[in-house]
Amino acid sequence: MNPMGISTMKPCCKILISCCSKTSSFFGFSIPKSQNPSSVLRSYRKLHSCSDHNHHQQIVGIKRLIFQKPISNSSWGGQSRVFSNCCNVNKFRGFSVITNVASDIRHNSTSTSSSVEGHVNEKGFERIYIHGGIILNKPLVEDVEVKDKQVIIEEAEEKQNPSLDNSSVQNTENIKNFRKRDLSEIEKEAWGLLRESVVEYCNSPVGTVAANNPNDKVPLNYDQVFIRDFVPSALAFLLKGDGEIVRNFLLHTLQLQSWEKTVDCYSPGQGLMPASFKVRTVPLDGNAGTTEEVLDPDFGESAIGRVAPVDSGLWWIILLRAYGKITGDYSLQERVDIQTGIKLILNLCLTDGFDMFPTLLVTDGSCMIDRRMGIHGHPLEIQALFYSALRSSREMLTVDEGSKNLVRAVNNRLSALSFHIREYYWVDMKKINEIYRYKTEEYSTDAINKFNIYPDQIPCWLVDWIPDRGGYLIGNLQPAHMDFRFFTLGNLWSIISSLGTPRQNQGILNLMEDKWEDLIGHMPIKICYPALEYDEWRIITGSDPKNTPWSYHNGGSWPTLMWQFTLACIKMGRPGLAEKAVALAEKRISEDKWPEYYDTRTGKFIGKQSRLYQTWTIAGYLTSKMLLENPEMASLLTWNEDLELLETCICALTNTSRKKCSRRAAKSQILV
């Protein structure tokens, strides 16, 4: 039984979504009534794709079968797998399809090729379709006459789409203003490079490669589309008025969710999003001389350290919200498959376990810092993204009988998480002085030192570094361990999402301004401070030659962090800090060929192994420039303080006398 009340789709194996085929018996196989669909589909495990055929396209007939059975009780084994499939005939751009998106077909095809979304309104049920023996998740193609009628209906609905709120009108005007202004030479160069980095699948843009250096002979995985890397690219396109690539990206990555990739015969949890994917062209089976495009995702089985990406699903949800906010098109969020994808991610993150804390417990290398850096446990970056994803999901989830328990769980987790981070992760001069005088070995529920932190953990560098004005959220908290390093992304995103209190948020920017030379230096912005050195570097990183002191993740400077710094500054009414950082970057970033990161304590040198023409460096700069030009747009990407969350506490819902609310014993900063 599913305690969260989430209806999860568990189709067996890979689900093929096909747009076209030759008139043959290639799919001419029927499923015997006595045979389980799982065993049948396992016979058809093959990658599929956009294919090049030198034949006329014809619509393949589809037999529709509705399983009258709640999805949550499905007995099919395996994890869900959906691919988009389309064909190109004589270079004819006709069947560029994203699953279930009739509007995308309309924009990306000619009058001879259109499709219809098999919209599902049945509560608690899922439509499954049989395509010549292959199970399909909702039809892409039914009857030509039906498709044409549906397109006409949708075009009429677009003219008075109720999902477009009044703010979308202002958004459109703001976006138009971006286009009117004459771009500087560096901006023109950046836009040209960003467009060159676009990856197409089935003749439609689906993302941007991580780096696009034509002189790089060994691209490793930098020629792939990363979910976290694409976010600043997506925002740049959205702010420029181009939402197609973002919509395509969201839908195609959704189809890659919970694939059957394994490491040593072990599969990750359902709902996991890949770290990246690559569009590959492979020969089409049984058709000499023809090829097909396939999406090949990486869930960590090919990554450094073989770590699954925890942050990918969180970024996906955050980007989905941003797409709706900026375009005013909320219909994407309301789709059944999108709603299911959100629920699967939440179910994965909210699953009960052994942990006693509301923070997510993760391994090293599970986020932007994807190599061993001693951030295993409860790193701030993941918690800030988790909080943002929960708040985004709460806005987008359709509340009904199947999701009300999930919404309740999200609210409870948000309340507990915000209290936990604000109370226990925050340090300033006053808090450090308290830790310095901590008593240890306290066993009662009224203990001040709840995590048994020993005062000797306070590092020498912190005593002299912490300013009298301001503070920050520490990098990690575990029993008997506080990681006092300053991690920029986690602190900036805590401001953006209002995970910190207003006073704390201002304090973080105060610290960054006071420690400008340490955190900004010659090139914004340090990923963390200070770097691990000497024996500490050898022990914690495993003597990682790429994460040497003041390089890469170990104290390197990453220009892509500018867009998040810009968002945080605008939200707190201090855009001048962001303008100063962007102006500093403009002096060198183009001349240095848009590096991935910079080395040394002040960011003077291009990173020793830094890739050039790094896409999220380019996109981060462009996004920062556009946000500074129109600060009103920044409000669409941030969250305000939620006072209702501060009043919610799950302890009040329990009747047992054994539970005692820790908030009453704590000197809470939650209302500050």
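User: Where do D535 and R538 lie, and what makes them about one turn of the helix apart?

Analyst: Both residues belong to helix 18 (residues 534-541), where they are three residues apart, about one turn of the helix. An α-helix has 3.6 residues a turn, so residues three or four places apart point the same way. A helix here is a DSSP run of H or I with at least four residues, a strand is a run of E with at least two, and both are numbered from the N terminus. The model is a predicted one, in which local features need pLDDT of at least 70 and side-chain atom pairs count only at pLDDT 80 or more, whereas totals for chains, interfaces and linings use all residues. Residues are numbered from 1 along each chain as its sequence is written, and side-chain values use heavy atoms, with hydrogens and water left out.

User: Why is the pair D535 and R538 called a salt bridge?

Analyst: The term requires a side-chain nitrogen of Lys or Arg within 4 Å of a carboxyl oxygen of Asp or Glu. The closest N and O atoms of D535 and R538 are 3.0 Å apart, so the pair meets the rule. By this rule the protein has 19 salt bridges.

User: Are D535 and R538 buried, exposed or partly exposed, and how do you know?

Analyst: A residue is buried under 20% relative accessible area, exposed over 50% and partly exposed in between, with a 1.4 Å probe and protein chains only. D535 has 49% relative accessibility and R538 has 41%, so each counts as partly exposed. Salt bridges that share partners also join R469, E513 and R574 into one network.

User: What makes R469 and E513 a link between separate parts of the sequence?

Analyst: Their side chains meet in a salt bridge at 3.5 Å, N to O. R469 lies in the loop between helix 14 (460-465) and strand 14 (471-473), while E513 is in helix 16 (residues 502-514), so the pair ties together parts that are 44 residues apart in sequence. R469, at 44% relative accessibility, counts as partly exposed, and E513, at 36%, is partly exposed as well.

User: How do you know that R228 and D311 are bridged, and are they buried or exposed?

Analyst: The closest N and O atoms of R228 and D311 are 2.7 Å apart, and the two form a salt bridge. R228 lies in helix 6 (residues 227-240) and D311 in helix 8 (residues 311-327), so this pair ties together parts that are 83 residues apart in sequence. R228 has a relative accessible area of 10% and is therefore buried, and D311, at 0%, counts as buried too.

User: Why is Q255 called buried, and where is it found?

Analyst: Q255 is found in helix 7 (residues 244-255). Its relative accessible area is 5%, so Q255 is called buried. Between Q255 and M273 there are 9.4 Å in space, C-alpha to C-alpha, although they are 18 residues apart in sequence.

User: What makes helix 15 mostly covered?

Analyst: In helix 15 (residues 488-497), 10 of its 10 residues are buried, including L489, L492, W493 and I496. Helix 15 is followed by S498, whose phi is positive, near 65°.

User: How many helices and strands does the protein have, and how much of it is buried?

Analyst: The protein has 23 helices and 20 strands, and 58% of its 672 residues count as buried.
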